Amino acid sequence: MPPGRFTSVAAEAVGIFQWSEPGKPRKAEEGALVTEKDVLGVIMTGSGAATPVLSARAGRVSKLFIEAGQAVEYGQPILLLESR
């Protein structure tokens, strides 16, 4: 695998992960194409704040590591993006 081909998208907060913002369609499905700064999910923190999980670059969602409703820790991998 060439260096830089895959990028891990990790949690930037501690909380409960959801694949989409309320009322918005889910963008992160395996095989889906995403663009830089797409909201790929949200983390609901203990204070009730929603922290968005953003795509760092454009690419294809290669692998999902967690499920909706799962508790996540800061830095925990959520999904893997493959560069286009």
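This report describes the fold, strand pairing, core and selected residues of a predicted protein model.

Residues are numbered from 1 along each chain as its sequence is written, and side-chain values use heavy atoms, with hydrogens and water left out. Because the model is predicted, local features need pLDDT of at least 70 and side-chain atom pairs count only at pLDDT 80 or more, while totals for chains, interfaces and linings use all residues.

**Confidence and overall form**

The average pLDDT (the predictor's confidence in each residue, from 0 to 100) is 92 for the protein, and 96% of the residues score at least 70. Strand β5 (residues 50–54) has the lowest confidence, with a mean of 93, and strand β7 (residues 71–72) the highest, at 97.

The radius of gyration is 12 Å, which agrees with the value near 12 Å for a compact globule with 84 residues. This radius is taken over C-alpha atoms, and the globule rule is 2.2 Å times the number of residues to the power 0.38. The C-alpha trace spans about 40 × 25 × 20 Å along its principal axes. Buried residues make up 32% of the 84 residues; buried means under 20% relative accessible area, exposed over 50%, and partly exposed in between (1.4 Å probe, protein chains only). Of the contacts (heavy atoms within 4.5 Å) between residues at least 6 apart in sequence, 62% join residues at least 24 apart.

**Strands and pairing**

The protein has zero helices and eight strands. Helices (H or I, at least four residues) and strands (E, at least two) are DSSP runs, numbered from the N terminus. Two strands pair if DSSP finds at least two bridges between them. An open sheet of four strands runs in the order β5-β4-β2-β7, with antiparallel pairing. Its edge strands, β5 and β7, each pair on one side only.

| Strand pair | Bridges | Direction |
|---|---|---|
| β2 (residues 15–18) and β7 | two bridges | antiparallel |
| β1 (residues 6–10) and β8 | five bridges | antiparallel |
| β6 and β8 | five bridges | antiparallel |

**Nonpolar core**

A nonpolar core is a set of buried Ala, Val, Leu, Ile, Met, Phe, Trp, Tyr and Cys residues joined through side-chain atoms within 4.5 Å. The largest one has 17 residues, of which F17, W19, I43, I78 and L79 touch the most other members. Strands β4 (39–44), β6 (59–64) and β8 (77–83) each give two or more residues to this core; β8 gives the most, with three. Beyond its neighbours within four places in sequence, W19 is in contact with R26, A28, L40, G41, L64, I66, E67, A68, I78 and L79.

K63 lies in strand β6. K63 is partly exposed because its relative accessible area is 42%. Apart from neighbours within four places in sequence, K63 is in contact with E30, L79 and L80. K63 and G4 are 59 residues apart in sequence and 16 Å apart in space, C-alpha to C-alpha.

E82 lies in strand β8. Its side chain makes a polar contact with the side chain of R5 at 2.3 Å. A polar contact is a pair of N or O atoms within 3.5 Å; within protein, one must be able to donate a hydrogen and the other to accept it, and residues adjacent in sequence count only if both atoms are side-chain atoms. Leaving aside neighbours within four places in sequence, E82 is in contact with R5, F6, G59, R60 and S62.
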